[in-house]
Every structure is written in structure tokens, then in C-alpha cells.
Amino acid sequence: MTELSADVVVVGAGPAGLAAAVAAAEAGAHVILTDEQPAPGGQIWRQPWDAQPPAPSRELWRRAEHRGVRLLPETAVFGVQEARCLRAASPGGAVTIRAGAIVLATGALERMLPFPGWTLPGVFAAGGIQALAKSGLEVAGKRIVVAGSGPLLLAVAAFLKRQGAVVLGIFEQAEAMAVARFAGSLLLHPGKLRQAAALLGELTGIPGHHSAWPVRAEGTGWLERLTVRVGDQEQSFELDFLACSFGLVPVTGLAELLGCRVESGAVVVDRQQRTTVPAVFAAGEATGIGGVDSAVIEGAIAGAAAAGSMDPAPSLDRRRNREQAFARRLALAFRLRPELKALCEADTIVCRCEDVRFGALIRYGDAREARLATRCGMGPCQGRMCGPALNFLRGWPLPRPALPLIPVTARALVTDATDRTASATFFRES
Amino acid sequence: MLPDVIVVGAGIVGAAVAEALAVAGCRVRVLESAWPGSGSTGAAMGHLLVLDDSEAQWRLTRLSRDLWDARADQWGAALEWESCGTVWVAADGEELELARRRGAWFAERGVASELLDQVALRAAEPNLAAGLAGGLRVPGDSVIYPPAAVRLLLEGAVRHGATIAAGTPVKRAGGGWVELTNGDRLPAGAVIIAAGLATPELLATPVEGLALIPKKGHLAITDRYPGWLRHQLVELSYLKSAHGSAPSSVAFNVQPRATGQILIGSSRQLDTLDPTVEPATLSRMLARAATYLPRLETLTILRTWVGFRPATPDNLPLIGPVPGQPRLWLATGHEGIGVATALGTAALIRASVLGEAPPLDPTPYAVDRVVGWMAHA
Amino acid sequence: MPEMVRLVVDGLELQVPAGITVAAALLNRRLVARRSVGGEPRAPLCGMGSCFECRATVDGRPHTRTCMVRVRNGLDVRTDD
Ligand SMILES: Cc1cc2nc3c(=O)[nH]c(=O)nc-3n(C[C@H](O)[C@H](O)[C@H](O)COP(=O)(O)OP(=O)(O)OC[C@H]3O[C@@H](n4cnc5c(N)ncnc54)[C@H](O)[C@@H]3O)c2cc1C
Ligand SMILES: Cc1cc2nc3c(=O)[nH]c(=O)nc-3n(C[C@H](O)[C@H](O)[C@H](O)COP(=O)(O)OP(=O)(O)OC[C@H]3O[C@@H](n4cnc5c(N)ncnc54)[C@H](O)[C@@H]3O)c2cc1C
Ligand code: FES
């Protein structure tokens with residue numbers, strides 16, 4: 001078993017983590033950067049299987065490498081052994097990583113909402129189909145509906161179109177007015193406005209709807225047909241794939257295990273991206289959904305602070321404040337409407353791991369009681385899918401994270417310090 | 001006339017007591033501070049077993065196992081009942097001798113068991129390490145899912161007219177009354193406190209010497225591996241860990257669940273109320289399990305958690321009336337076998353409350369024995 | 001043309017491009033990754049290792065997330081998870 005150590009350990013190699021690793025290394029720190037995925041880039045800069053990583057990711061990684069940042073790919077942090085000491089699972093076995101300071105850049109997950117038929121093969125998360133297409137799923141020529149909520153839908157629709165898919169329509173649950181107001185506010189962010197304009201240009205020809213959402217997916221064994229509600233009307237499509245998610249949820253499990261305060265689902269940080277635990281910093285979507293620009297800025301601040309720099313550079317500070325205002329407008333514009341709670345019927349499966357239906361849950365008043373009684377959220381995904389859904393549907397808090405944060409072998413949970421020989425000699429010869 | 005009954009606490013013990021008294025015809029109210037099963041019971045393995053540690057423990061476990069068995073047909077599937085039996089695993093010749101003696105003791109008392117030699121042990125559990133001396137199979141032991149048992153028992157009570165008030169913390173209780181934290185005072189013909197570890201602090205008039213010791217335990221559960229494990233396996237030196245006074249110990253104790261998952265225990269820590277999973281203890285516990293089941297190390301662990309067993313200094317539960325406080329009973333202190341012994345406990349309480357003949361001699365579990373505990377401490 | 005590798009799924013040989021994930025390879029043939037505990041067919045959902053819907057037995061290792069595994073020559077996949 002291996003033990004590693006560094007001045008700064010960055011967990012997550014998305015935009016926030018890459019920026020943090022670069023800033024910390026450029027400030028002179030010895031940096032380890034871990035990510036569960038095989039390559040750096042995180043969600044937005046995920047490398048396609050048959051092409052180069054996107055330019056900004058390449059650039060940050062070039063700088064990181066230049067400064068000697070050590071990347072541990074396919075290395076998922078699953079536990080906290082003691083203060084500033086993490087345990088991670090890697091292809092070669094479990095590793096212990098000691099850190100002078102930790103930067104949490106664990107990103108976000110998509111929120112899925114259950115509706116009849118959502119468990120059929122062919123139904124994907126919106127970012128999920130993009131990730132799968134980047135890892136080899138053929139989408140060219142496929143008829144795809146994009147639905148749910150948030151700007152991610154537009155990015156995914158444009159991506160799918162570029163890959164040659166036939167995007168039948170985009171169905172956004174938010175009201176047109178709210179989205180228009182949000183779009184208007186982009187005037188304050190010229191860079192984002194240009195990106196948005198380019199994106200909308202790419203989407204020309206794809207029907208877009210607001211106040212619209214999927215109500216039913218059908219098919220024998222695979223998705224064949226989707227019914228969506230647009231205002232008061234229902235429409236049906238024959239299709240190959242559905243790409244659907246309802247916004248993003250910060251990934252805060254590791255922060256919670258470290259004892260950091262989490263409020264409204266996001267890791268609480270101050271101006272230096274410090275969490276409430278000494279020497280633990282957080283940046284990017286883990287601290288609230290703000291998009292890639294804010295992830296990079298926060299990462300840079302966190303990385304520098306973790307390496308010992310005192311105050312954030314004033315320019316970064318100003319930009320971050322602007323980005324946070326953007327994040328607040330984003331959350332407001334794409335707030336989930338209460339009608340979506342009615343999508344899930346009594347016999348709709350909520351927990352995919354244990355096949356728990358909504359009707360089996362609603363008789364319990366307490367989330368923990370329901371989970372214990374039905375095993376909802378106790379399968380391998382540990383509530384990552386049903387947790388955010390039930391948070392919206394029932395107001396239930398997300399399951400409390402515990403060791404291991406992701407399923408790992410029993411061997412990985414046996415730490416180096418445990419004296420195995422003591423128990424091995426236990427078998428005296430008979 | 002039958003008394004109106006208040007049961008404080010809806011763990012496995014409170015649920016069983018509520019059901020027994022409701023079925024007997026009492027009007028039963030269950031007051032639970034959080035939700036049913038939220039205490040030790042929700043954290044437990046559901047091993048139903050007989051134990052020969054002392055004559056008193058034997059009688060209570062034996063009675064209870066028979067009472068559980070009587071429910072198997074009706075409730076089996078809902079309880080996730082597994083008739084898997086226990087295998088007490090002997091590491092060496094010395095432990096195999098212990099196994100043989102335990103088997104003989106069981107036989108004298110009419111409980112079936114089977115001594116396994118090295119070969120038979122491996123045939124019974126192919127994933128066990130080579131070189132283990134053998135074991136004792138007790139085919140009549142089983143496994144259930146404790147939260148399901150609480151639910152079924154309370155449903156039974158409700159069918160017989162009981163009411164369950166979850167989210168209703170009791171502040172204190174005395175002979176024939178309880179006071180809620182909201183100030184309401186409720187009278188009752190009989191009050192049974194089955195509040196687990198919280199029991200002593202609920203007594204308005206303290207019982208001198210009464211103390212419960214929290215014994216923290218860790219558990220880990222795997223993904224589904226149907227057929228991987230066939231019996232509940234426990235190391236023969238288990239009772240040393242269970243009853244020892246070492247501040248921290250681990251023992252090999254694994255359980256096959258109806259889902260094909262494997263529940264891995266166990267640890268015991270005396271000096272802590274920390275509700276978090278401790279990596280170092282978990283590590284020792286899993287390493288211990290892997291010395292018996294080497295391939296266990298390759299299985300995937302989904303979750304880990306901890307619970308606190310309500311223990312007494314003499315390793316026997318407190319079941320019976322509180323001396324000098326008429327209309328007040330205690331039912332707690334079952335340490336690591338409260339699920340296994342819940343139905344026997346309920347039968348004893350029922351007999352005591354209704355003045356019926358007890359199903360077994362209640363003296364060893366009587367509350368008045370705590371007077372001596374101060375002197376020991 | 002990308003290099004192709006041989007993947008064995010439930011005994012059936014597939015030629016798939018080197019570098020793609022097992023999850024993508026299964027989806028491209030409309031093969032489901034697993035059956036749920038209630039017997040429903042399930043396929044990858046999140047593509048990023050979170051949902052565990054893409055689990056299969058890969059080279060004898062049960063419960064492996066196929067979206068996290070790249071295809072290799074001779075890799076053995078069983079969808080009996
Ligand atoms: C599926 C998905 C697709 C998205 N696609 C787009 C898009 O196309 N366009 C867009 O503008 N925005 C997209 N977003 C939004 C995107 O999250 C942000 O714009 C940006 O990627 C946030 O950067 P980040 O560094 O905070 O997090 P992320 O990019 O999410 O990076 C977090 C990284 O942390 C790693 N990680 C998490 N926990 C651990 C752990 N315990 N151990 C090791 N590694 C860990 C993850 O593997 C991940 O690589 C997407 C979001 C999601 C969830
Ligand atoms: C790791 C572990 C493994 C175990 N494995 C087994 C096993 O395999 N077999 C077995 O038989 N036993 C096992 N046990 C032991 C078993 O869990 C306990 O003996 C049993 O659950 C005790 O039940 P109880 O009802 O007395 O206590 P609890 O389950 O703790 O119930 C007490 C109830 O009282 C409520 N309460 C507390 N204060 C108040 C108040 N002021 N007002 C109202 N209500 C209140 C609590 O909320 C709780 O619901 C295990 C325990 C642990 C920790
Ligand atoms: S597709 Fe979700 S974990 Fe693989």
C-alpha cells in the first residue's frame with residue numbers, strides 16, 4: 001500500500017481543480033491533483049475518446065505539468081482517515097494522501113426527476129449522453145429529445161447537433177419570461193453573451209419550448225416513444241434517445257466527511273475560498289452552481305490561498321463577485337416549478353438501485369425512516385440519483401455521506417496502520 | 001380490569017411489548033421521540049440465536065427463538081427471514097473443544113446442533129480460510145431485517161387498538177404517569193420504559209445503581225453476491241469480545257442477507273458516544289473478517305454505519321417492575337441481542353403487568369438487582 | 001479508421017473501436033448492461049460514474065461501472081449483474 005503527501009492536494013480535476021492546482025503550484029507548492037476520471041477536464045472539458053482535450057483544459061494542464069503537478073487519474077477519494085489525510089481508490093489499490101492543505105473541487109451532479117418510463121434504456125441524463133458520446137456512444141443520425149432544465153440543455157443540444165444527431169426539440173420547464181429576463185442579464189457579462197449568441201446560432205432549426213417537460217416515456221425494453229407537455233398540450237415523439245436532467249446539484253460528500261459546513265446544498269466558503277475547517281478550501285460547482293467561468297476564478301483563488309497566499313488578487317475578487325451575482329440569477333431563472341412534483345406516480349420507480357417505487361415511500365414521514373424501511377438510496381449509487389429527486393419531491397434532506405463515499409473493496413478500507421500480522425497469527429495450528 | 005398502558009420507545013423491545021399487551025386486550029399508547037426503529041434497532045444486524053453464556057441468557061434466547069419461529073410462516077417474507085443457521089467457527093483445536101462442549105450443552109436442552117470438522121466446515125462455507133479447525137452449526141438460528149420487525153410488530157399492535165405517536169419525546173416518567181417534553185402529563189395504569197440507552201435518565205425518581213453502558217458497534221454492508229455466504233458466521237471467541245471490558249475490540253461476525261448482501265461486523269467500544277464511523281476501527285474489523293474469509297477483501301462495500309448497544313454490567317437485560325414505584329416497568333439493557341430476545345422480553349412484561357404466570361423465571365432479569373451495581377463500580 | 005479491438009459480451013464477439021468505453025460499446029449494439037433487482041433492463045444514465053446503472057461483470061469482476069472502463073482486446077463482459 002502506498003502513502004503520498006503534498007503541500008496541497010486538489011480533489012477533482014475539472015476547471016476549478018485544474019485552476020487551483022496551477023495557482024498553488026505557481027505559488028511554489030508541491031501539488032497532487034486527483035480525479036476519479038481517466039483524464040483531467042471535469043465535466044465541461046471532458047476529453048472525447050477520439051480527439052484532443054479542449055483548448056482551455058490543455059492550456060491549464062500544460063501549466064500544471066510545467067510546475068510539476070502530480071496528476072493521479074482514476075483515483076477516487078472515498079474517505080477521510082484523519083484531519084488532512086485522505087484515502088483514495090486507484091487501479092493499483094488504495095492510497096493514503098496526506099496534505100498540508102486540501103482544495104475540494106468535486107463539481108456537480110445532474111438532478112434527475114422520476115417520471116413514468118424514465119428507467120427505460122435510451123433515457124439518459126443530459127450531460128450524461130454528452131459524456132457517453134464523448135466516450136464512444138454513436139449519436140449521428142439518432143432522433144433525440146433534450147428536456148429538463150438549465151443552460152446545460154442548450155450546450156448538450158448544440159453538441160449533439162454537431163455530432164450529427166437529429167435533435168427533435170428542446171423542452172425547458174422554466175417559463176419563457178424568466179429565461180428571457182435571465183438572457184437579458186447576460187448584457188452584464190459580454191463574454192457569456194457572445195457564447196450564448198453563438199450557441200443560439202448553432203441551435204437554429206431546433207424547436208425550443210418553455211414551460212414544457214416530459215410526462216411519459218414508453219417502449220418495450222428500450223425507449224420508443226416520449227410524450228411531453230407544452231403548456232396545456234401534450235405532444236408525442238418517436239425517438240431513439242432522451243437527454244434529460246433538471247439542473248445541477250453540488251457534490252459535497254467529501255466536504256461533509258471532512259466536517260465542512262454545507263448550507264443549501266453547497267459548501268460554505270469565505271472570500272479566500274476557505275471552508276469552515278482549517279486548511280480545507282473549496283472551489284467550483286461544489287460551492288454552488290455558477291458555471292465554468294466562476295469555477296476557474298474560484299479555483300485560482302483557492303489554489304493560491306491553499307499555497308499560503310494571503311488575500312485574493314483584487315481583480316479575481318471582483319470577477320468572482322460578478323460571477324456569483326450571475327449564479328444567483330441562474331438559480332432564480334431555472335427554479336423548478338411545483339407541477340413537476342406531480343410527474344412521479346405511485347408506481348414510478350424512484351430508487352433505481354433497489355427498485356423502490358414512489359408509493360412505497362410516501363407513507364413515511366421521516367426520510368431516514370423511509371430509507372431504512374424500503375432501502376431507498378441504500379444501493380450502490382448511495383442516493384446520488386434518488387437523493388436530489390426526493391429533496392425536490394418531498395423536501396427530504398440528502399442522505400448523510402459516510403465512509404466510503406463511493407463503493408470500494410473491503411481491502412481498500414483496511415488501512416496501512418492496521419496490524420494484519422496480529423490477526424493472521426490468530427490461527428494457531430490445530 | 002386491564003390497565004391502560006403507555007410504552008415509551010418504539011425500538012424492537014418497545015414494539016414487541018406494545019404488541020403483546022395490545023393483543024392481551026390492553027389499550028396501548030406508544031410514545032416515540034423520533035420514529036420507530038430510530039435507535040439501536042435501526043443499526044442492528046438481525047441475528048436470531050440461542051446463547052449459552054449463562055443459564056438466564058440461555059432461557060431468554062431459547063424462549064425468544066421459539067416465539068420468533070412461530071411467526072416465520074406468517075411474516076417470513078416481510079421480515080426478510082433467512083433460515084441460514086449459525087456456524088460458530090473454531091480457529092484451532094482449543095476452540096473446537098469449546099464448540100463440542102457447547103453442542104453437548106445444547107443437546108441436553110433439546111436444541112439441535114452439528115459439530116463440523118475442518119472438511120465439513122469448508123464444505124458448509126467454501127469461502128472460509130483453509131486451516132480453520134472446524135465449527136458448530138446451529139441450524140435453528142436465523143436472520144431477519146430488524147426495521148421490518150419493528151414495523152410488523154407495531155402494525156400488529158395497531159390492529160389491536162394501539163396508537164403510535166412518533167415525534168413525541170417523553171421528558172420523564174414515574175409510577176402510572178409520563179410527562180412529555182411539551183409539558184403534557186399522561187396517566188396510565190402501567191408505564192413501560194423501553195427507551196434503550198435513554199431509559200435511566202427518564203426516571204423521575206432515579207433507581208439507585210441503575211446504569212446502562214453504551215457499546216458502540218460498527219457494521220459494513222457489501223453489494224449483492226448471492227450464494228457467497230450461507231450461514232451467519234461468528235468466531236467462537238466472540239463472547240470474549242461481547243462481554244469483555246477491553247475499551248475496544250473487534251470480532252468476526254458476518255451475516256448473509258436475503259438480498260444477497262453480506263453484513264460484516266462487529267466491533268465494541270466502551271468509551272465513546274461519537275456517532276461517526278471510525279476508519280481505524282472499521283479497518284481492524286474488516287481485517288479480522290478477512291482472516292476468516294480471505295476473499296471478502298475483494299467484495300465491494302457499499303455503506304458503513306455505527307450503532308450503540310444498551311449494555312448492563314452483568315450482561316443481562318432489565319425486564320420487570322421498578323421496586324417501590326408501582327405501575328412502572330423497565331424493558332431495556334439487551335446489549336447485542338435485543339432483537340433476538342425482544343419477543344421473550346415482551347412475554348415476561350406481559351405476565352408481570354397482567355399478573356399472569358411468567359413463561360420463565362423472571363428473577364435473573366429483575367430490576368432490583370441493580371442495587372448491587374454501585375458497589376461493583 | 002480507428003483501430004478495432006475484440007470485446008466478448010455474454011459469449012458474443014464484437015469488434016469495437018479501441019478507446020471507447022464498454023458502456024458505449026454496449027449501447028451501440030443496444031445491449032442492456034444489467035437487470036435491476038426487480039428484473040427491468042437498465043442501461044447507462046449518467047455517463048460519469050454516479051448512477052451505477054451501467055454495471056456489468058467485467059473480466060470476472062461483478063458490479064463494475066462500464067462507463068469507467070475502456071475496451072481492451074479480449075475483455076470479457078457479462079450483463080448478468
Ligand atoms: C454531466 C455534466 C455535464 C456538463 N456539461 C457542461 C457543458 O457542456 N457546458 C457547460 O457550460 N457546463 C457543463 N456542465 C457544468 C459544469 O459542471 C461546469 O461548467 C464546470 O465543469 C464546473 O467545474 P468544476 O471544476 O467545478 O466541476 P467539474 O467539472 O464537475 O469537475 C469535478 C471533478 O471532480 C471529480 N471528483 C468529484 N469527486 C471526486 C472524488 N471524491 N475523488 C476524485 N475525483 C472526484 C470529478 O470526477 C470531476 O472530474 C456540466 C455539468 C455536468 C454535471
Ligand atoms: C452493530 C450492532 C449490531 C447488532 N446486532 C444484533 C443482532 O444481530 N441481533 C440482536 O438481537 N441484536 C443486535 N444488536 C443489539 C440490538 O440492536 C439492541 O439490543 C436492540 O435494538 C435494543 O432495542 P431497544 O428497543 O431496547 O432500543 P432502541 O432500538 O434504542 O429503542 C429505544 C427507542 O426509544 C426511543 N426513545 C429514546 N428516548 C426517548 C424519549 N425520551 N421519549 C420517547 N422515546 C424515546 C428511541 O428513539 C428509540 O426508538 C446489535 C446492535 C448493534 C449496535
Ligand atoms: S452510466 Fe452512470 S455510473 Fe456509469
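A:Arg84 counts as partly exposed, with a relative accessibility of 39%. That value falls between the 20% and 50% limits, so the residue is called neither buried nor exposed. Keep in mind as you look around that this is a predicted model.

To find A:Arg84, go to chain A and look in the loop that runs between strand S4 (76-82) and strand S5 (85-90). Its backbone deserves a glance too: phi of A:Arg84 is near 55 degrees, which is a positive value in a residue other than glycine.

Now turn to chain B for another positive phi. B:Glu335 is a residue other than glycine, and its phi is near 45 degrees. This residue sits in a loop of chain B, with strand S19 (328-332) on one side and helix H10 (342-354) on the other. Is B:Glu335 buried or exposed? Its relative accessibility is 14%, and because buried means under 20%, B:Glu335 counts as buried.

Next come the peptide bonds. Stay with chain B and move to strand S16 (residues 262-269), where you will find B:Ser266. The peptide bond that leads from B:Gly265 into B:Ser266 is cis, and its omega is near -10 degrees.

Back in chain A, there is another cis bond to visit. Where does A:Pro404 lie? Its place is the loop of chain A between helix H12 (386-394) and strand S22 (408-409). The bond joining A:Leu403 to A:Pro404 is the cis one, with omega near -10 degrees.

Methods:
Residues numbered from 1 in each chain as written. Chains lettered and ligands numbered in written order. Predicted model: local features only at pLDDT ≥ 70, side-chain atom pairs only at ≥ 80, totals over all residues. Heavy atoms only, no water. Helix = DSSP H or I, 4+ residues; strand = E, 2+ residues; numbered from the N terminus. Buried < 20%, exposed > 50% of the residue type's maximum accessible area, 1.4 Å probe, protein only.
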